[in-house]
Amino acid sequence: MKYDLILIRYGELTTKGKNRKKFITFLRENISVKLKKFSHLKYESTRDRMYIFLNGENQTDVMNALEEVFGIHKFDLAVRTVTDLQSMKEHVLEAAKEALKNGKKTFKISVHRAYKEFPLDTFALQQQLGAHVLIQLDGALQVDVKNPNVNIKVEVRPDFTYVMCQQRNGLGGYPVGVGGKSLLLLSGGIDSPVAAYLMMKRGVNVECIHFHSPPFTSERAKEKVIDLVKILTKYNRQMKLHLVPFTEIQKAIHKEIPANYTMTIMRRMMLRIATEFARKRKALVLSTGESLGQVASQTVDSMYVINEVTDLPVLRPVIAMDKLEIIDLSIKIGTYETSIRPYEDCCTIFLPDHPTTRPKREKCAWFESKFDFKPLLHQAVQGIETLTFKQNESTNVNGLDNLL
């Protein structure tokens with residue numbers, strides 16, 4: 001069967017009122033960027049769905065790409081025909097023949113009659129189309145209304161009728177870009193890439209900030225983070241990775257701060273830098289891959305003390321997920337194999353044997369007052385290197401002055 005279009009259903013976007021047009025515009029733009037290499041595609045969008053006309057492009061490749069776009073609920077391969085019973089019968093039969101050729105044994109007909117003036121009601125139309133398939137195929141394909149191998153859907157509208165039998169689930173959520181911007185603290189581990197994915201699913205444009213401490217952290221550790229961002233870029237038009245030189249701050253913490261508080265103070269320093277840089281990038285929130293209770297710095301007490309140094313909201317999309325849930329999602333989105341490469345990041349070097357799980361604000365303030373960290377923090381912000389990744393290319397921009 002020769003399909004001529006893909007019909008996209010919005011899902012959660014349909015809950016929007018006056019802002020729906022904005023959401024649809026973002027979705028259409030994100031889809032067109034994702035499908036840029038398919039030069040013959042044509043787009044048509046309405047309030048309730050979007051149509052992508054294939055014009056000879058490979059339908060499987062286009063559908064595979066659409067599976068990586070947030071804001072899509074479901075999408076179907078479809079044939080558009082005139083709203084005429086005989087034409088419907090012909091296309092439904094073609095779909096049934098294709099199903100039989102692919103080894104399917106059972107089918108059902110699902111009719112959605114949006115055009116209420118069509119002479120046959122829904123039940124009668126289902127009967128006519130189903131009977132036509134049974135007669136023409138001499139019973140080779142049997143009816144099963146509860147659990148069919150293939151569901152041939154017919155959507156009757158005034159101008160056109162759509163015949164569909166290949167449906168895929170989209171990622172759901174909202175189109176990236178409609179929910180503002182977040183600066184996400186990205187480590188080389190499993191959790192923070194999953195957090196980035198979940199933030200993007202809610203329509204947030206994510207930029208990543210990573211702290212590295214050469215020579216204590218290797219170039220391979222840096223390359224791992226770069227590869228993680230490249231993977232995440234397939235879910236967004238582009239992503240930025242900001243690399244913070246953290247060596248001098250980490251050395252000072254190791255020298256000046258009691259061992260059981262080094263992890264807490266390090267996270268406070270990271271949050272200070274991220275807060276300052278988020279303002280330069282016009283990001284209204286920070287986000288992290290923290291999961292409650294997973295490590296010492298992710299207890300309620302630790303989060304309370306660490307959050308003290310920022311006045312920006314800190315969103316933690318994996319906060320209530322256990323490790324196995326996070327791992328499963330990282331496998332699904334394609335980051336797991338990269339995340340488990342055995343290269344240390346700055347959170348694992350100088351790791352104390354017994355970090356405190358219940359730090360005190362007063363003690364943190366006292367320890368930090370004994371050494372002037374401000375020049376090192378300023379130096380770190382000024383030394384940030386930024387990499388920009390697009391879905392089809394990557395470029396390198398160095399220095400803070402080029403970021404704004």
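**Close-up views of a predicted model**

View 1. Start with cysteine 165, which counts as buried at 15% relative accessibility. As for disulfides, the structure holds zero of them.

**View 2. The largest nonpolar core.** Here we look at the largest nonpolar core, a set of 48 residues. Ile6, Ile8, Ile31, Leu35, Leu66 and Ile152 are the ones with the most contacts inside it. Helix α3, spanning residues 85-101, gives this core its largest share, six residues. Another core lies apart from it and has 35 residues, including Ile253, Met263, Met269 and Leu377.

**View 3. Who sits around isoleucine 6?** Leave aside residues up to four places away in sequence, and isoleucine 6 touches Met50, Tyr51, Ile52 and Leu54, among others. Also on its contact list are Val62, Met63 and Leu66, along with Phe75, Asp76 and Leu77.

**View 4. Glutamate 207, a buried residue in a strand.** You'll find glutamate 207 in strand β10, which covers residues 205-212. Is this residue buried or exposed? Its relative accessible area is 5%, so glutamate 207 is buried.

**View 5. The neighbours of glutamate 207.** The side chain of glutamate 207 is joined to that of lysine 181 by a polar contact of 3.2 Å. Not counting residues up to four places away in sequence, glutamate 207 touches Lys181, Ser182, Leu183 and Leu184, plus Lys240, His242 and Arg281.

Key: Residues are numbered from 1 along each chain as its sequence is written. This is a predicted model: local features need pLDDT of at least 70, side-chain atom pairs count only at pLDDT 80 or more; totals for chains, interfaces and linings use all residues. Side-chain values use heavy atoms; hydrogens and water are left out. A nonpolar core is a set of buried Ala, Val, Leu, Ile, Met, Phe, Trp, Tyr and Cys residues joined through side-chain atoms within 4.5 Å. Buried means under 20% relative accessible area, exposed over 50%, partly exposed in between (1.4 Å probe, protein chains only). Helices (H or I, at least four residues) and strands (E, at least two) are DSSP runs, numbered from the N terminus. Contact means heavy atoms within 4.5 Å. A polar contact is a pair of N or O atoms within 3.5 Å; within protein, one must be able to donate a hydrogen and the other to accept it, and residues adjacent in sequence count only if both atoms are side-chain atoms. A disulfide is a pair of cysteine sulfur atoms within 2.5 Å.
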